[in-house]
Amino acid sequence: MAAGAMNRKKQRREVSAAAAGGAGRKRRKLPVAEEKSWQKSGSKLNEEISSDSEPDSPAKKKNNEAEEEIDETPQEKKLRLAKLYLEQLRQQEEEKAEEEALERDLVAGRLKEDVLEQKGKLQRQIAKSLQFPDRADIQVLRGHRLPITCLVISPDDKYVFSAAKECSIIKWDVASGKKLHVIHRGKKVTEKSPGHTAHILAMAISSDGKYLATGDKNKLIMIWEATTCQHLYKFTGHRDAVSGLSFRKGTHQLYSASHDRSVKVWNVAENAYVETLFGHQDVITGLDSLSRECCVTSGGRDGTVRVWKIPEESQLVFYGHRGSIDCLQLINEEHMVSGADDGSVALWGLSKKKPSTTVKQAHGFQGASGLEQPYWITSVAALLNSDIVATGSHNASVKLWKCGEGFRKLEPLFDIPLVGFVNSLKFSNTGNFLVAGIGQEHRLGRWWRIKEAKNSICIIPLKKTAAGSTEILVEDS
């Protein structure tokens, strides 16, 4: 018993001594390099363990899928890229071919139009698409004190130039209706006061919009810079009032007509006189021209319309109206429209010496019973290369007409109410509006006076239906 107790005490002492020895031993310190490498390997192990335990992120899944999809050799990759490049080239060539085909069609269409225009066989069918204008949409511009005598529209349709009996010229902005510039009556024809001193009867603007020409009762032709309205120079040579002016389309060649029965040719760019042509037996009342080197004139009471071939210095004489032919305008290179004081409106083809059609008393009659007289035709206008014609008188309306196919007849479309003498009419180049110069008196005299009329410029919008907006080309056989 005593021996067993002693053994147990001995074992307890050994255990306590071992524990004390373990607590007293110091831990062996590792070198720095070994400790860092162990920490790194431990952190890497921890990362690998955590990534295995977490689900895959979307980016990693996408990369894995891409690696699975693009599992190709370098040769296969080159072949795939080459096919892709060839497909892109093929698409580009197809698009280029389509653009070139469209451009060829446009060019061919334009060339066809130009050929037909030069031959006088171009007729755009617009009349059937026109709508009657709302009276509230008519823009009235007030600025002249006395009756308007003539007007022109700039080639870009942005501006209107008008002249009146008080010898002033006004440049208007079409969009706003505001006056941009006023050339007042001149006291004397000097550099300081270059304005007109007599009634302005004629006006023309060059097709490039550079020059504006005006002619008056004092036998003078003034040339202005259209942009600034600055006076450039004047032409003298006519022996009576200048009644008609027109620039040859695409050039700076100016034709002028006068009450002295002559037609003169000028080169405005060089400030030079060219030649004079004679033939009419009465005062010339109107003149017009297009791109050919010729012009047409109306001879008042000599009852003729004449076509002047400038290079040949020759003329063609046409007879048709019974009264004084007071106004005319070309529709295209081969057709024109004219009006007379017997109330008739005539359509002409330059290949025939007689009108192709004549509408008598086009604006009706005036006067008491038994003393009726037709309303004078005071102005005519034609939309270039189309089937639209407008005529003006003093019966409180402007009439729009449709030219039949081949310019063989005139059919009335509708009347636009305007009170006063319609002394001038012009269509815009695009055909989007018609401008009328209104006066209380006739531009050439004071035979009547309409007190309720307003001396003004009226801009009439011409609206078209969507169904009839397509232009049709018709060849006159």
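Which residues make the nonpolar surface patch of about 310 Å²? In this chain, the patch is made by Tyr85, Leu86 and Leu89, where patch members must have over 30% relative accessible area and no salt bridge, with like charges joined within 9 Å and nonpolar side chains (Val, Leu, Ile, Met, Phe, Trp, Tyr) within 5 Å. A salt bridge, in turn, is a side-chain nitrogen of Lys or Arg within 4 Å of a carboxyl oxygen of Asp or Glu, and accessible areas come from the Shrake-Rupley method with a 1.4 Å probe, with only the protein chains shown counting as cover for residues. Tyr85 itself lies in helix 4, which covers residues 74-119.

Before I go on, please keep in mind that this is a predicted model, in which local features need pLDDT of at least 70 and side-chain atom pairs count only at pLDDT 80 or more, while totals for chains, interfaces and linings use all residues. Residues are numbered from 1 along each chain as its sequence is written, and side-chain values use heavy atoms, with hydrogens and water left out.

As for the chain overall, it holds four helices and 30 strands, taken as DSSP runs numbered from the N terminus (H or I, at least four residues, for helices; E, at least two, for strands). Of its 477 residues, 47% are buried, meaning under 20% relative accessible area, with exposed being over 50% and partly exposed in between. The chain exposes about 26,300 Å², of which carbon and sulfur atoms supply 51%.

Let me turn to two backbone angles. Arginine 261, in the loop between strand 11 (253-258) and strand 12 (262-267), has a phi near 75°, a positive value in a residue other than glycine, and it is partly exposed at 38% relative accessible area. Phenylalanine 407 also has a positive phi, of about 55°, although it is not a glycine; this residue sits in the loop between strand 26 (397-403) and strand 27, and it counts as buried because its relative accessible area is 3%.

That brings us to glutamate 411, which is found in strand 27, residues 410-417, and which counts as partly exposed because its relative accessibility is 28%. Leaving aside residues up to four places away in sequence, glutamate 411 touches Leu400, Trp401 and Lys402, a contact being heavy atoms within 4.5 Å. The C-alpha atoms of glutamate 411 and tryptophan 401 are 5.5 Å apart, although the two residues are ten apart along the chain.

Terms used:
Buried means under 20% relative accessible area, exposed over 50%, partly exposed in between (1.4 Å probe, protein chains only).
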